[in-house]
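Please examine the sequence and the structure shown below. A short report for a first-time reader accompanies them.

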Amino acid sequence: MTVILKNANFIDWQNLSFSNTNLRVEEGTSGSLTFFDNFREIPVSLKDEIIDCKGKLVTKSFAIAHHHAYSALARGMPAPEKTPANFLEILKYIWWNLDKALHKDMIEASALATAMASAKAGSTFVIDHHASPNYIKGSLDVIAHAFEKVGVSHLLCYEITDRNGMKKAQEGLEETEYYLSKNQGLVGLHASFTVGDDSLEKAAELMRNKASGIHIHVAEDKIDQEQCMQNHGKRVVERLNDFGVLDSSKTILAHCLHVNENERKLIRNSKAFVVQNTESNLNNNVGYFNGNAMGNRIMLGTDGMHSDMLRTSKAAYFVGQENDNIDFTSAYGRFRKTHNYLNINSYTGDGENNLVVLDYDSPTEINENNFLGHFIFGLTSNHVQHVISDGKLIVKDKIIQTVNEEELLKFTKEQANRLWKKL
Ligand SMILES: [Zn+2]
C-alpha cells in the first residue's frame, strides 16, 4: 500500500520552505517520497490510501535521541521505601530497584507503551538505552519486536555496568555482541562511575569490532566526576576519550551537565554526539545543560520521562534562557539533529518517507519566516493527526493503526501492577 497525501502544505524540515503539493509516500526503509504539483499526475492504485491534507501541515516526523523504554511502567508506581535525598539515592531507591524487577513480559509491555506513545506524539525513531539486570539475555530482541509491531524504528543498546557484579557486566557485553551481530544498535554503558576499566575496555573493543558507538550517561550528576577523579585521576570525558569512545560518530554522550572547558573542547573536536535531557535534569535536580563550546552535535532526548519531542524542545528552550546559549534556531536544530546523526551513520529507518501530518489550528499565519515561533509557542503533540513511518501509516486520526491500543494498554496495566507488587 502506498500513502498519498493530497493538498498538503509541506514544510521541508531542513530549510523550512513551505510548498503546496501532493506527496506519494512509498513503503520500506528505502521507500521514496515524490512530490506532484498536480494530484491527477500521481499513479494511484485501488489499494493506495489517499489522505486529504487540506489545511494541514506535513513535515518530517520526529526522533528521540535518548530514551528508556524500561521506565514506561513507572508512572504512578508506589513511592520508594526512602525519599531520595540526592541523585545516587534516586538511582538506588527508584531506578535500580525497578530495573532489577523487570522480566520478559514487563519489558515487552514497557516497549509497547513507549512505541505507542512515541508514535502518537509524532516520533517514528527511538534511540533507547535499556537495563534489566535479571533479564539480560534476549532483552533487546523483546524491545525490537515490540517497537516493530507498532511500526517505530529503533537503535537499541543494553546498559553494561559493574553495579550488579562482574558476571552481570559480562552478560551485558554478551547480549550486546549477540544483538549487534544481526541488528543496528549501540554498545550501552550506564555511566563512568559504575563501569570499571576492565568493562570499559571490553565495551570499547566491542564498539570497534562491530563498527558501532558507545551510548552512555556522562556527568549527569557531580558524583560521576567526583568518583572519576577519585578512582582514575581524571575527568569523565577525558577517561572516555582515553578509551577511544569519542572516536566514533555513532557515540552518544547523554547529559554532559558537569563538564569543564577541556571536556567541552574534547567533545567539540571529537565525532561524538551529545544528548540534552532537560526535563529529566530538572526532575532529578542535577543541574542545567549548557551547550556552550560543545560544538553543534547536540540532540534532544526524553530520558524515559515521556515520549513527546515537541514538549522536550520547549523545555530545552525555556529552561535554557538562563543557563544555555539556546535560541529558536538552535532549539529547532537540536530537535532535528538526531536525523543528521542517523543519516551520517547510515542507520536505516529515518528516511524522507517518515512524515507527520499536523492539524494545526493557529490563530495567526504560519510561513517559512515565522515557523520557528510556531514551533516554540504553538505546536504541540495534540496537533499530531497522522504519522507515517517508513512509508507506512501507523497513526491515522490519532489512532494507532498497527496494533490494538486498547488491548495493549490492558496488557501494560497488568504488567505494571505485577511490577509494582515486586518493588
Ligand atoms: Zn538516561
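Predicted model: local features only at pLDDT ≥ 70, side-chain atom pairs only at ≥ 80, totals over all residues.

Residues are numbered from 1 along each chain as its sequence is written.

**The chain as a whole**

The protein chain has 13 helices and 18 strands. Its radius of gyration is 21 Å, close to the 22 Å that the globule rule gives for 423 residues, so the chain is as compact as a globular protein of that length. The radius is taken over C-alpha atoms, and the rule is 2.2 Å times the number of residues to the power 0.38. Along the principal axes, the C-alpha atoms fill a box of roughly 70 × 45 × 40 Å. Buried residues make up 50% of the 423 residues; a residue is buried if 20 or more other C-beta atoms lie within 10 Å of its own, exposed if 12 or fewer, and partly exposed in between, with C-beta atoms placed from the backbone. Of the contacts with a separation of 6 or more, 76% join residues 24 or more positions apart, a contact being two C-beta atoms, placed from the backbone, within 7 Å.

**Strand pairing**

Helices (H or I, at least four residues) and strands (E, at least two) are DSSP runs, numbered from the N terminus. Two strands pair if DSSP finds at least two bridges between them. Strand β5 takes part in both pairings listed here.

| Strands | Sense | Bridges | Bridge partners |
|---|---|---|---|
| β1 (residues 3-11) and β5 (residues 57-60) | parallel | 2 bridges | Phe 10 and Val 58 |
| β5 and β15 (residues 355-358) | antiparallel | 4 bridges | Leu 57 and Leu 358 |

Helix α2 (residues 104-120) has 17 residues and reaches 24 Å from its first C-alpha to its last, close to the 24 Å expected at 1.5 Å a residue, where the expected span is 1.5 Å times one less than the number of residues. The helix is mostly covered, with 15 of its 17 residues buried. Gly 122, which follows α2, has a positive phi near 95°.

Val 150 lies in helix α3 (residues 139-150). This residue counts as buried because it has 26 C-beta neighbours inside 10 Å. Leaving aside residues up to four places away in sequence, Val 150 touches Leu 112, Ala 115, Met 116, Ala 119, Ile 394, Ile 400, Thr 402 and Val 403. By contrast, 38 Å separates the C-alpha atoms of Val 150 and Asn 323, which are 173 residues apart along the chain.
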